[in-house]
Amino acid sequence: MSQRVIDFHCDVLYKMLYTGEVDLAQHESRDITLPKLIEGNVGLQVLALFVEPSLVTGPPRFSQLVRMIDVYHEHMLNHPEIRALKWREELADAVNQQDRINTILSLEGVDALEGDLVYLRTLFHLGVRFIGLTWNHSNWAVDGTLEPRQAGFTETGKQLIKECERLGMTLDVSHLNEAAFWELLELSDRPLIASHSNAKAIFDHPRNLSDEQIKAIIARDGRIGITYVPYFVADKEEVTIDDLEKHIDHIVNLGGSKHVMLGSDFDGIDKKIQGLEHAGRHPALLEVLEKRYGQAFVQDIAHGNAYRFLSQNLPSRAE
């Protein structure tokens, strides 16, 4: 039997909300469906809440996040196989239930919080446990990787960091520009994640991490989610699993064997890596890695490293 998988990033809720195709059991056009999650032996899927700025709907609003969470409750958690995971105390039991697929909510970009920390606390009460601070461009808190000025945090953004730490919400650096990344390390001493980023030394893309950033995340006992986005992996017409493996090799060589995990970005991408077309195909990557690294490493990258992070950093119900 293939390894159980923890995947730290996907955009299926975005697709479900904005296409209106909310049946988790069907819609083959989506990368993530219930049959595909089962096929891929996914034991835990982190679900991003992402609201894209639009010329039609205007800037992201908190009400849009609420609608996405409503889709989650009405059209995902209505399946007996799908379970919401919020607290550290639930984790061990969740992993032992082979017939369940656990889910955790993550916010990708704080734009829709509208600068209001009450909205942040509301998301925490609704089960959001990871906070991606931006999505490529600037917002009221910080600049992203594609913002030309490459600035750091606003004063309100610094208050956001403090409130996340107080609540026990883990910060996600995947879309931060590098100057903001280093500022965040000065503002916070907690472990960080890069939920879906690869190695810049292998392919120089703004969304990938420099060696210094990778080492800093490792030093904090954070995690890096290897992502299946082809244009973060290589400049080729057809990107392969072997191309993706080079990014994993590089992070491992920097000391990250216990810090690398999976962050597919399924349903957030149109083009796919050959052999990694949807959530049912995670085992194809793990089979390649087992030949190179062995079963113990595959267990770590599939779920072990992510599980250890969650066991140490998910908030406790008792706190």
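This is a predicted model: local features need pLDDT of at least 70, side-chain atom pairs count only at pLDDT 80 or more; totals for chains, interfaces and linings use all residues.
Biologist: Which residues have the most contacts inside the largest nonpolar core?

Modeller: They are Leu13 and Ile131, in a core of 83 residues. The largest share of this core comes from helix H3 (residues 62-75), which gives six residues.

Biologist: What is Ile131 in contact with, leaving aside its neighbours within four places in sequence?

Modeller: Its partners are Leu107, Val110, Leu120, Cys164, Met169, Thr170, Leu171 and Asp172. Another core, of 15 residues, lies apart from the largest one, and Phe8, Ala94, Met261 and Phe309 are among its members.

Biologist: Let us turn to pockets. What is the volume of the largest pocket, and how many residues line it?

Modeller: The volume is about 400 Å³, and 22 residues form the lining. Nearest the centre of this pocket lie Asp11, Trp135, Tyr231, Asp265 and Gly268. Helix H1 (12-19) and helix H9 (230-233) are the elements that give two or more residues to the lining.

Biologist: How many of the lining residues are nonpolar, polar or charged?

Modeller: The lining of the largest pocket has eight nonpolar, six polar and eight charged residues.

Biologist: And how many cavities of 30 Å³ or more are there?

Modeller: The count is three. The largest cavity holds about 50 Å³ of space. Its lining has two nonpolar, eight polar and two charged residues, and includes His9, Glu108, Asp172 and His196. Strand E4 (residues 101-108) gives the most to this lining, with three residues.

Biologist: How many aromatic pairs does the structure hold?

Modeller: There are 10 aromatic pairs. In one of them, the ring centres of Tyr14 and Tyr18 are 4.9 Å apart and the planes are at 50°, so this pair is tilted.

Biologist: Where do Tyr14 and Tyr18 lie?

Modeller: Both are in helix H1, four residues apart, which is about one turn of the helix. Tyr14 counts as partly exposed because its relative accessibility is 22%, and Tyr18 is also partly exposed, at 40%.

Biologist: What sort of pair do Trp87 and Phe124 form?

Modeller: Their pair is edge-to-face, with 6.0 Å from centre to centre and 85° between the planes. Trp87 lies in the loop between strand E3 (82-84) and helix H4 (91-96), whereas Phe124 lies in helix H5 (residues 117-125), so the pair ties together parts that are 37 residues apart in sequence.

Biologist: Are those two buried or exposed?

Modeller: Trp87 is buried, with a relative accessible area of 18%, and Phe124 is buried at 8%.

Technical notes:
Residues are numbered from 1 along each chain as its sequence is written. Side-chain values use heavy atoms; hydrogens and water are left out. A nonpolar core is a set of buried Ala, Val, Leu, Ile, Met, Phe, Trp, Tyr and Cys residues joined through side-chain atoms within 4.5 Å. Buried means under 20% relative accessible area, exposed over 50%, partly exposed in between (1.4 Å probe, protein chains only). Contact means heavy atoms within 4.5 Å. On a 1 Å grid over the protein atoms alone, a cavity is a set of points where a 1.4 Å probe fits but cannot get out, and a pocket is an open set with protein on both sides within 12 Å along at least five of seven lines; lining residues have an atom within 4 Å of a point. Grid points are joined across faces, edges and corners, and a volume is the space filled by probe spheres set on the points. Ala, Val, Leu, Ile, Met, Phe, Trp, Tyr, Cys and Pro count as nonpolar, Asp, Glu, Lys and Arg as charged, and the others, Gly among them, as polar. Rings of Phe, Tyr and Trp (its six-membered ring) pair if their centres lie within 6.5 Å; planes under 30 degrees apart count as stacked, over 60 as edge-to-face and the rest as tilted.
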